[in-house]
Protein chains: 2
Amino acid sequence: MTHPLNLDRLSRRLGHAFRQPQLLRQALTHRSYSATNNERFEFIGDSILNYTVARMLYDRFTQLSEGELSRLRANLVNQSTLADIARELSIGDCLFLGEGELKSGGHDRASILADALEALFAAVSFDADFNQAEAVVRQLYHSRITAIDPNKHAKDAKTRLQEALQAKRYSLPRYTILDQTGEAHEQSFRVCCDLAEIGICTQGQGGSRRAAEQQAAERALEALDAQARHNAPRKN
Amino acid sequence: MTHPLNLDRLSRRLGHAFRQPQLLRQALTHRSYSATNNERFEFIGDSILNYTVARMLYDRFTQLSEGELSRLRANLVNQSTLADIARELSIGDCLFLGEGELKSGGHDRASILADALEALFAAVSFDADFNQAEAVVRQLYHSRITAIDPNKHAKDAKTRLQEALQAKRYSLPRYTILDQTGEAHEQSFRVCCDLAEIGICTQGQGGSRRAAEQQAAERALEALDAQARHNAPRKN
């Protein structure tokens, strides 16, 4: 049984004293334990988390593109990072689980821990308001976000495209000069970046071949992202 | 050229008078027009939108599951709905577009309109705060959310599973009774729901065959969602 002292300690670690302790309890209740569980809380908590981490990254990495911010956030809000934070908070000791989950180690299952942590953000927002929930997320993510090395994420578009393709085991892009105009000192290049295998072909323009290729690669990355989003769940 | 009167009218329609009009302008600036454009704003605006619509749905549809709320939200925040709202606000008349986009009808392109609307939510949050941006989203979505018929979305799990499978052109699930225990007046059924084609097999338990099947179907829907998330971009 979850000991009330564990809940007190969790509250302190979150930096929020619940006026309505039943909200804290519901956030920690897995569906295997009760019909009054944390599943709907998680829906709200997830979006509080996404906004807050987005805003922290936006303010800290003023030079990064939307795509790069998005990739950074994905690493910070995935199940594995959430479960790590949940373990730091000892959320496992506070869960209300059904018997089956209890016996099969649900206390330390990443999905259960991550869901409960997201649900806690919602519970704080219901108990106080959005801003208080945001403050809780900020405090939990502060060290993780200050630890990110911005230079590590300032890779150029061609490098990022190559890495994205390799991660999906696609062949590398082929860059071709489409045309080259202007005098020697003010040339303009038009280049295409061909990902034949996945049916993406983008163009870029610039004062040097390299600049044109970077632009074409940036657009290919966007097209790749759009394609992946298109194939994502609920959009098929 | 975007006329300043158009920007005034847009501000009024959003219900927010900008103290820093350069934020309004940047939210309306496409990357084809200037390096100071709305791409990073969009990253923040998207998450303000997701939270606010999540919270509106959560409060209104108190009986819907997380999965159902998530499906409802997906329909409300997709590019097509955003572009519709952007057209209602005449955002097309306010955009700053590069020459190429101007000539090719960028003023009415759904992707450009949707991105600008999301960027506007961010601009309001930067100009005032999160709560003001939330208020703007709430006002724009109010009629769309009150128009949703909750009954239409209260489909049972077996129906929703069947629809989800049909949408992906998979064959229908096979339900089998695994065991049936207890006296006639308090029987317990254990049923499995087999989606052999996609390697998902879930169990459900209940006081009737139908109840057990519904639970198995609900779990199959969750497994299907989890599988789709697992195959989604950046998680491969």
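In strand E3 of chain B, Gln205(B) is the bridge partner of Arg190(B). This is a predicted model, in which local features need pLDDT of at least 70, side-chain atom pairs count only at pLDDT 80 or more, and totals for chains, interfaces and linings use all residues. Residues are numbered from 1 along each chain as its sequence is written, chains are lettered from A and ligands numbered from 1 in the order in which they are written, and side-chain values use heavy atoms, with hydrogens and water left out.

Helices (H or I, at least four residues) and strands (E, at least two) are DSSP runs, numbered from the N terminus. Four residues separate E2(B) from E3(B) in the hairpin, and Gly199(B) in the turn has a positive phi of about 65°.

Side chains in a regular strand alternate between the two faces of the sheet. E3(B), residues 200–206, has Ile200(B), Thr202(B), Gly204(B) and Gly206(B) on its covered face, while Cys201(B), Gln203(B) and Gln205(B) are on the uncovered one.

Most residues other than glycine have a negative phi. Here are two that go the other way:

| Residue | Phi | Loop |
|---|---|---|
| Arg169(A) | positive, about 60° | between helix H9 (157–167) and strand E1 (174–181) of chain A |
| Ser90(B) | positive, about 55° | between helix H5 (79–88) and helix H6 (99–103) of chain B |

Arg169(A) counts as exposed because its relative accessibility is 75%; exposed means over 50% relative accessible area, buried under 20%, and partly exposed in between (1.4 Å probe, protein chains only).

Now over to helix H5 (residues 79–88) of chain A. Which residues of H5(A) are buried? They are Thr81(A), Leu82(A), Ala83(A), Ile85(A) and Ala86(A). Their cover includes helix H3 (39–60), helix H4 (66–77), helix H7 (110–127) and helix H8 (130–146) of chain A. Ser90(A), with a positive phi near 55°, follows H5(A).

Two of those covering helices also cross. The axes of H3(A) and H8(A), lines fitted to C-alpha atoms over the stretch in contact, come within 9 Å and cross at roughly 50°. H3(A) is therefore oblique to H8(A), as angles under 35 degrees count as roughly parallel, over 145 as roughly antiparallel, 65 to 115 as roughly perpendicular and the rest as oblique.

Technical notes:
Pairing = 2+ DSSP bridges. Contact = heavy atoms within 4.5 Å. Axes fitted to C-alpha atoms, helices over the stretch in contact; angles between N-to-C directions.
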